[in-house]
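Take a look at the model below.

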Amino acid sequence: MIEFIKGTLLITGALFVLLAAIGLLRLPDLLTRMHATTKAAALGVILIMLASAMHFAEVGIVARSFAIIVFILMTAPVAAHVIGRAGYFVGSRLWSGTVKDELRPNYDPLTHELKSGLETHENAKRHPRDTDPD
Amino acid sequence: MDTVILISQVIMGLALVLTFVRVVRGPSLPDRVVALELFSTTVVGMVGVYAIQSGVASFLDAAIVIALMGFLAAIGFARFLERGGPRDD
């Protein structure tokens, strides 16, 4: 039984990694490619590490496998965020079928500042304490 | 179990080949950085499978180190891109 579960986890994890690679190759855009690689590859490695934890079944090794899982869950979003931000700054082209780019009108590419569109003189003069209910 | 391990290794090797195609073709430098990060993640998975195959649990330490190196490389590349050094896609 445990062999069956281990084999299923291994094959599923490897297939998810392959799915991430196919997505990286097929999708049209930097951001869509990142959307494929971060999630699918992280899930694949998590399944493989679960299989290795079930294979060894000792306390130290299970802890090590879960350390890898936690590490990947913590670092994959951070790395994706940083690369996506850098790619947007560099000016990588979006897919031609992109419907809306909300960041383009609010963002200054020279100073890397983001505006909310509410920076009027009235809002600058208004004290936030006046509007607080308490 | 040996057959299952072999199948998963073949699948992940195919994933490495597809990722390498994107590293070679990738139109811009951020695409290549994303592909290299997928490389490191795939290698972590392969090391995990190899730890199961060989029965040596110390390979998981190597997997931790590879994951750490991939993360730091991604952060470094992104900082380099954002500071805007000279580059040639």
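The paragraphs below follow that order. This is a predicted model: local features need pLDDT of at least 70, side-chain atom pairs count only at pLDDT 80 or more, and totals for chains, interfaces and linings use all residues. Residues are numbered from 1 along each chain as its sequence is written, with chains lettered from A and ligands numbered from 1 in the order in which they are written.

Start with chain A. It has five helices and two strands; helices (H or I, at least four residues) and strands (E, at least two) are DSSP runs, numbered from the N terminus. Their order from the N terminus is α-α-α-β-β-α-α. The C-alpha trace spans about 70 × 45 × 25 Å along its principal axes.

Now bring in chain B. The contact takes 43 residues from chain A and 40 residues from chain B; two residues are in contact if their C-beta atoms, placed from the backbone, lie within 7 Å. On the chain A side, H1, H2 and H3 each supply at least two residues. H3(A) gives the largest share, 15 residues.

Last, the core. The largest nonpolar core has 55 residues. Such a core is a set of buried Ala, Val, Leu, Ile, Met, Phe, Trp, Tyr and Cys residues joined through C-beta atoms within 7 Å. Buried means that 20 or more other C-beta atoms lie within 10 Å of a residue's own, with C-beta atoms placed from the backbone. H2(A) gives the most to this core, with 14 residues. Val17(A), Ala20(A) and Ile83(A) have the most contacts inside it. Ile83(A) touches Met34(A) and, in chain B, residues including Pro30(B), Val33(B) and Ala74(B), not counting residues up to four places away in sequence.

Key. Buried ≥ 20, exposed ≤ 12 C-beta atoms within 10 Å, placed from the backbone.
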